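Subject: Handing over the structure

Hi there,

Here is the structure I promised to pass on to you. Have a look at it first, and then read on for what turned up.

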Amino acid sequence: MAGISMTVTGKTKTFGVIADPITHVRAPEVFNDLFRARNIDAVLVPIHVTPARLPAMFEGFRAWANLGGFCVTIPHKEAMLDLCDDCEPAARIVGAANVVRRTERGRLIGGNFDGEGFVEGLRQQGFAVSGQRILLIGAGGAAKAIAYALVQETVAEIVVANRTTARAHALRDNIRSHCPNAPISVGVIDPRGYDLVINATSLGLKPDDKLPLDPDLLEPSTIIADIIMKPEETRLLAAAQNRGCKVHYGRHMLDAQIVLLGTFMGAIESE
């Protein structure tokens, strides 16, 4: 992005990404590079809003006439279900939205491409999930979307582990309500014996965050994936590489779904 000018005028269509905190988001860099490359008169800006102020912010979104939509990340994905006027089926099924489209009449419609983006990101990096035994750490909005996408890929097993066990059980029950034969269960945070371990928590955003698992338990044959995008190399991924594991970066999840998100918001034309 450095050295490349971008002219914003009164005709420029605006888009955003909401988060708390905001400094880790990559969407502005990725989308604005895409807008420039395709000569699209649009800009995507970071919007820092806390959960307490989110309902008030939504009233502003409805009144923001030249807003096309916004991406959603930690910790707001699950709140979208109550705040949006409507949601697409995938968002309703997983109980979270990672993107919102604003219609010309000011209605806010939620969608979710996190799971699809995560699985496609793995595929693009040469990691197949079919037949794999997977440990999914976390039970928030991203974890729900990833779990739902994984069960569509004929994985051998998904074990959900979360600090709050009740949330892990709720995630499992939600997936089974839509996919009764899904091979999903609740377990503990022990990475031994898995083909793929996914950190779908926010642990790793801050330098002093504790690791989501005990790195001494990592086996070299296990692929370790993180959904954290900044820093790109989290302490978990660094520890995993030190143990001889292959790693999968959080940026791949966004990169794999960028066209899907942009198309949903009306920022770009479908390919």
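Before we start on the strands, one term: two strands are said to pair if DSSP finds at least two bridges between them. Please also keep in mind that this is a predicted model.

With that term in hand, let's begin with β3 and β5. Strand β3, residues 67-72, pairs with β5 in the antiparallel sense, over three bridges. Within this pairing, Cys71 has Val99 in β5 as its bridge partner.

Strand β5 covers residues 99-102, and four bridges join β5 to β6 in an antiparallel arrangement. Here Val100 stands opposite Gly110 in β6. The hairpin of β5 and β6 has five residues between the strands, and Gly106 takes a positive phi near 90° in that hairpin.

Strand β6 also has a parallel partner: β4, residues 86-87, is joined to β6 by two bridges. In β6, the residue opposite Asp86 is Ile109.

Are the faces of β6 covered or open? Both are covered in this strand, which spans residues 108-111. Leu108 and Gly110 are buried on one side, and Ile109 and Gly111 are buried on the other.

Cys71 has a relative accessibility of 5%, so Cys71 counts as buried, the cut-off being under 20%.

For Cys71, the nearest cysteine sulfur belongs to Cys84 and is 13 Å away, and Cys71 is in no disulfide. Cys84 is in no disulfide either: the nearest cysteine sulfur, in Cys87, is 4.5 Å away.

Lys144 lies in helix α6, residues 141-151. Is Lys144 buried or exposed? Its relative accessible area is 17%, which is under 20%, so Lys144 is buried. The side chain of Lys144 makes a polar contact of 2.8 Å with the side chain of Glu78. Setting aside neighbours within four places in sequence, Lys144 is in contact with Glu78, Val94, Gly95, Ala139, Leu171 and Ile175.

Ser130 sits between α5 (114-124) and β7 (133-137). Its relative accessibility is 46%, so Ser130 counts as partly exposed, a class that lies between 20% and 50%. Which residues does Ser130 touch, not counting those up to four places away in sequence? They are Glu153 and Thr154. With Thr154 there is a polar contact between the two side chains, at 3.1 Å.

Happy browsing, and write back with any questions.

Best wishes

Definitions and conventions: Residues are numbered from 1 along each chain as its sequence is written. This is a predicted model: local features need pLDDT of at least 70, side-chain atom pairs count only at pLDDT 80 or more; totals for chains, interfaces and linings use all residues. Side-chain values use heavy atoms; hydrogens and water are left out. Buried means under 20% relative accessible area, exposed over 50%, partly exposed in between (1.4 Å probe, protein chains only). Contact means heavy atoms within 4.5 Å. A polar contact is a pair of N or O atoms within 3.5 Å; within protein, one must be able to donate a hydrogen and the other to accept it, and residues adjacent in sequence count only if both atoms are side-chain atoms. A disulfide is a pair of cysteine sulfur atoms within 2.5 Å.
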